[in-house]
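Have the viewer open as you read.

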Amino acid sequence: MSERPATPLLDRINVPADMKGLSDAELGQLARELRAETISAVSETGGHLGAGLGVVELTVALHAIFDAPRDRIVWDVSHQCYPHKILTGRRDRIRTLRKQDGLSGFTKRSESPYDPFGAAHSSTSISAALGFAVARDLGGAPEHGLGDAIAVIGDGAMSAGMAYEAMNNAGHLGKRLIVILNDNEMSIAPPVGAMSSYLSRLYAGAPFQELKSAAKGAVSLLPEPFQEGARRAKDMLKHMTVGGTLFEELGFSYLGPIDGHDLGQLLPVLRTVKERATGPILIHAITKKGHGYGPAEQARDKGHGVSKFDVITGEQKKAPSNAPSYTSVFAESLIQEAAEDDRIVAVTAAMPDGTGLDRFGARYPSRCFDVGIAEQHAVTFSAGLAAGGMRPFCAIYSTFLQRGYDQVVHDVAIQRLPVRFAIDRAGLVGADGATHAGAFDVAFLSCLPGFVVMAAADEAELRHMVATAVRHDDGPIAFRYPRGEGAGVELPDRGVPLEIGKGRVMREGSRVAILSFGTRLAEVMAAAEALDARGVSVTVADARFAKPLDRDLIVGLAQEHEAMITVEEGAVGGFGSHVAQLLFDEGVMDAGALKYRSMVLPDTFIDQASPAAMYEIAGLAASDIESKVLSVLGVETLEKRA
């Protein structure tokens with residue numbers, strides 16, 4: 001563990017009100033100490049580093065000028081909120097970030113009154129802040145305060161349509177609303193699209209740079225009493241020359257661009273806005289992700305998500321890998337298939353690294369499309385590709401696919417277009433907690449007519465499912481797989497297409513049948529071994545498909561066994577519910593002889609912990625499966641008797 005930094009000024013700050021008496025110079029010192037403390041804390045916990053380092057000065061300025069929690073500061077995505085948490089009474093717990101029973105890695109309403117709105121998906125801040133502004137003007141409940149509403153949104157998040165929907169509405173309503181565009185030229189991956197180009201032109205153009213240089217020099221030559229007025233004139237001239245036409249057309253007053261790391265610019269601008277703003281205003285601040293910490297600045301992703309690391313060198317302390325990750329197996333399998341099929345294309349929504357499509361894009365750049373933080377567009381764009389004769393793979397995390405569900409229904413399913421959905425981060429994901437859990441995709445996809453829904457039990461099965469999806473042209477198909485390493489099974493050289501709707505028997509028994517869907521199969525097999533030692537004979541089957549179900553396999557097992565248990569890493573309404581419906585439809589349940597139970601994620605959101613701990617909380621560990629079988633059979637365990 002690295003030695004913790006000296007932070008004499010920060011040590012005096014327990015809540016933002018403690019900052020009110022500090023001079024501007026002291027606020028600069030506070031920012032330096034806050035950056036050092038953030039680096040130190042994340043070196044011990046891991047987490048989102050670069051985004052927080054990019055807003056240290058902005059965080060200090062906001063809390064120095066405004067009056068949180070009366071003033072509502074809404075952080076978009078909120079993975080940049082670690083410095084905010086340190087300044088708002090949570091420093092003593094900052095080294096519990098993303099750990100079980102510790103601080104969330106995102107803002108969370110139940111955690112602090114300084115977190116007025118929870119977030120972890122992008123592009124929601126302006127909508128939420130506008131809601132606060134309207135509630136304020138309508139005389140919302142006194143305990144909610146009557147202060148300013150401030151949204152801090154990154155340039156990557158501005159690529160999503162929801163941000164523009166909110167700005168359009170805000171411009172129409174004309175309420176006092178402060179939006180700070182934290183423009184760091186990067187979300188997780190470098191941003192793409194017209195908005196990125198537009199923002200780049202605003203501050204990278206030659207006229208702005210020349211004006212900035214000339215004005216800075218001229219101001220420094222003036223006597224001190226005249227410098228503040230000259231600075232304001234410089235800013236006015238810069239604004240007139242550069243302009244924020246797009247934002248102004250949406251009804252916002254535009255200020256900027258300003259240096260988001262220069263408190264000498266941030267503090268006067270925020271003070272002026274606080275004193276004079278009447279309607280919606282957008283402050284365009286230029287920052288750098290990972291600012292102030294060399295290893296983060298030099299990293300390709302600017303230190304977006306890191307494991308524990310050495311503060312001096314920046315070297316991350318990652319556990320040795322015993323098996324390839326599911327994400328890498330997907331990427332390599334898709335590249336392999338694409339080598340023989342030039343109709344295969346890949347689409348991602350601002351997550352090329354996370355989905356493995358950066359590798360595909362490096363090999364086939366003209367066939368890989370990062371559409372930005374725009375899942376709705378990604379789905380319909382994929383539908384258009386499919387209608388145009390291509391074989392699109394739309395690779396999106398389960399939690400983010402939720403944002404494109406209307407398009408999945410209307411633009412893909414109803415038209416029966418063969419879009420292939422590669423659903424990464426299925427199931428419980430660990431430190432990112434409830435907001436990123438892939439809990440609902442099986443339920444919301446398997447209810448759609450004509451959809452094929454698969455789940456890989458291990459990395460070898462994933463390779464086969466990629467091959468299956470390539471060759472399935474009769475409607476949409478999805479396959480899900482978890483975060484992290486595979487099970488360590490031997491990988492086939494090439495994926496072999498599976499027969500649609502057919503499962504496999506992994507172990508034969510006589511008394512209880514356990515149907516597994518997804519990577520809980522290893523836990524199911526362990527439970528079966530333990531049950532066998534108790535004299536309970538168990539059949540284990542890997543269903544592979546939630547839709548269509550393997551009717552012959554499931555009905556046959558139900559008729560041949562005393563009890564049937566389904567196990568899945570998803571919410572109620574998914575695989576187990578479809579199995580129950582099949583058994584009722586086939587009349588298997590009429591006689592009442594079969595004892596049927598379904599094991600799913602509980603009807604609650606599970607906070608961050610290790611994935612193993614989360615599955616224990618969910619009741620889906622091997623011991624839970626064993627106990628469920630014994631309970632169904634009426635066998636009391638020694639633990640329960642004790």
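This is a predicted model: local features need pLDDT of at least 70, side-chain atom pairs count only at pLDDT 80 or more; totals for chains, interfaces and linings use all residues.

Let's start with the helices. Two packed helices are described by the angle between their axes and the distance between the axes. Here is how that looks for helix 1, which spans residues 24–45.

| Pair | Crossing angle | Axis distance |
|---|---|---|
| Helix 1 and helix 3 (residues 56–65) | roughly 130° | within 9 Å |
| Helix 1 and helix 11 (residues 263–276) | about 120° | 10 Å |

An angle of roughly 130° makes helix 1 and helix 3 oblique to each other, and their crossing is right-handed. On the helix 1 side, L27, L30, A31, L34 and R35 make the contact, meeting V56, E57, V60 and A64 of helix 3. Sorted by type, that contact has seven nonpolar residues, two charged ones and no polar ones.

Helix 1 and helix 11 are oblique to each other as well, again with a right-handed crossing. Here D24, L27, G28 and A31 of helix 1 meet L263, L267 and R271 of helix 11. This contact divides into four nonpolar, one polar and two charged residues.

Now for the threonine: is T539 buried or exposed? T539 sits in strand 16 (residues 538–542), and its relative accessibility is 3%, so T539 counts as buried, the cut-off being under 20%. A polar atom of the T539 side chain lies 2.7 Å from the backbone nitrogen of G509. Leaving out residues up to four places away in sequence, T539 also touches others, including V505, R507, I514, L557 and H561.

How values were computed
Residues are numbered from 1 along each chain as its sequence is written. Side-chain values use heavy atoms; hydrogens and water are left out. Axes are lines fitted to C-alpha atoms, for helices over the stretch in contact, and angles run from 0 to 180 degrees between N-to-C directions. Helices (H or I, at least four residues) and strands (E, at least two) are DSSP runs, numbered from the N terminus. Angles under 35 degrees count as roughly parallel, over 145 as roughly antiparallel, 65 to 115 as roughly perpendicular and the rest as oblique. A crossing is left-handed if the near helix is turned anticlockwise from the far one by less than a right angle, and right-handed if clockwise. Contact means heavy atoms within 4.5 Å. Ala, Val, Leu, Ile, Met, Phe, Trp, Tyr, Cys and Pro count as nonpolar, Asp, Glu, Lys and Arg as charged, and the others, Gly among them, as polar. Buried means under 20% relative accessible area, exposed over 50%, partly exposed in between (1.4 Å probe, protein chains only). A polar contact is a pair of N or O atoms within 3.5 Å; within protein, one must be able to donate a hydrogen and the other to accept it, and residues adjacent in sequence count only if both atoms are side-chain atoms.
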